[in-house]
Amino acid sequence: MKIWQLQARVRRQQYATINKSILHKLNPPNLYRFFCLSLYRNDYYKVRLTIRDIAKYTGEEEGALKNFNDDMGAVLVRKRYPMPISHPFIEFTMRSLYCIPPIEYPNFITLSHLFTEVGLSVKVKGYYIKLLLVAEDCKILLTPKRLGQELGMGKSAVESYNIDLYKTGLLRFLPNGIELTPKELLLGNDIAKQCRDWHPISKQFLSGVTLKPR
């Protein structure tokens, strides 16, 4: 079967898992982009998408992702493979195969694909994922300044993003912090499935197998 036929079978998953260990490895926009990329993983946690595809799924201009591959190197492995094309002089172009890291039990969250439908900017969505990664029982009992220090962000950005989230109904203010209200967006980790292991069958193995006629 051809590579592009295999890719055609991959559909958007209902959820994606995000390990808490990547909290400080990606800035808010790239964290949301990582989430969108993960939604298109196959059973082996591999993704074949172009930068144009990824920009389409995040709702951005393609130029906004010019450093995407370099930035993603902090959290995943990217491999290159040839893709045949219809061209009079060029037989193929090189495409990217993204290898999503496996789940780190129990330190991860499971986020629904419905999060992509929330009407917020890429920066605010990525910031919200960061909040979900550090929250305990959906609560963060820190001042904006202290929360900014925890996330490596400025106090003004934290306060501005919190207001955007409040207006969307994803956050409410507490006397001593904030409470996240993701409702159906944050799913239970018990539904998450680990990636399958790839066990290719070698030619040496096949040479010793006798197929019986039907």
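Exposed means over 50% relative accessible area, and buried means under 20%. The model described here is predicted.

**Helix H7**

- The face of H7 turned away from its buried side carries Ser-156 and Lys-167, both exposed.
- Val-158, Tyr-161, Asn-162 and Leu-165 are the buried residues in H7. They lie on the same side of the helix, because the arc they cover around the axis is only 110°.
- The cover over these buried residues includes helices H5 (122-134) and H6 (144-151), together with strands S7 (171-174) and S8 (177-180).
- H7 has 14 residues (155-168), which at 1.5 Å a residue should span 20 Å; the end C-alpha atoms are 20 Å apart, so the two agree.
- Gly-169 follows H7 and has a positive phi, near 85°.

**Aromatic pairs**

- There are nine aromatic pairs in the structure. One of them, Tyr-32 with Phe-35, is tilted, with 6.0 Å between centres and 40° between planes.
- Tyr-32 and Phe-35 are three residues apart in helix H2 (residues 28-38), so about one helical turn separates them. Tyr-32 is buried at 1% relative accessible area, and Phe-35 is buried at 0%.
- Phe-68 and Tyr-98 form an edge-to-face pair, because their planes are at 75°, with centres 5.9 Å apart. Phe-68 is in helix H4 (residues 68-72) and Tyr-98 in strand S4 (residues 92-99), so the pair ties together parts 30 residues apart in sequence.
- One aromatic cluster is formed by Tyr-32, Phe-35, Phe-115 and Tyr-128.

**Charges over rings**

- Lys-125 lies over the face of Phe-115, 6.0 Å from the ring centre.
- The charged end of Arg-48 sits over the ring of Tyr-81, at 5.1 Å from its centre.

Note on methods: Residues are numbered from 1 along each chain as its sequence is written. This is a predicted model: local features need pLDDT of at least 70, side-chain atom pairs count only at pLDDT 80 or more; totals for chains, interfaces and linings use all residues. Side-chain values use heavy atoms; hydrogens and water are left out. Helices (H or I, at least four residues) and strands (E, at least two) are DSSP runs, numbered from the N terminus. The expected span of a helix is 1.5 Å times one less than its number of residues. Buried means under 20% relative accessible area, exposed over 50%, partly exposed in between (1.4 Å probe, protein chains only). The arc is that of the directions from the helix axis to the C-beta atoms. Contact means heavy atoms within 4.5 Å. Rings of Phe, Tyr and Trp (its six-membered ring) pair if their centres lie within 6.5 Å; planes under 30 degrees apart count as stacked, over 60 as edge-to-face and the rest as tilted. A charge sits over a ring if NZ of Lys or CZ of Arg is within 6 Å of the ring centre and within 35 degrees of the ring normal.
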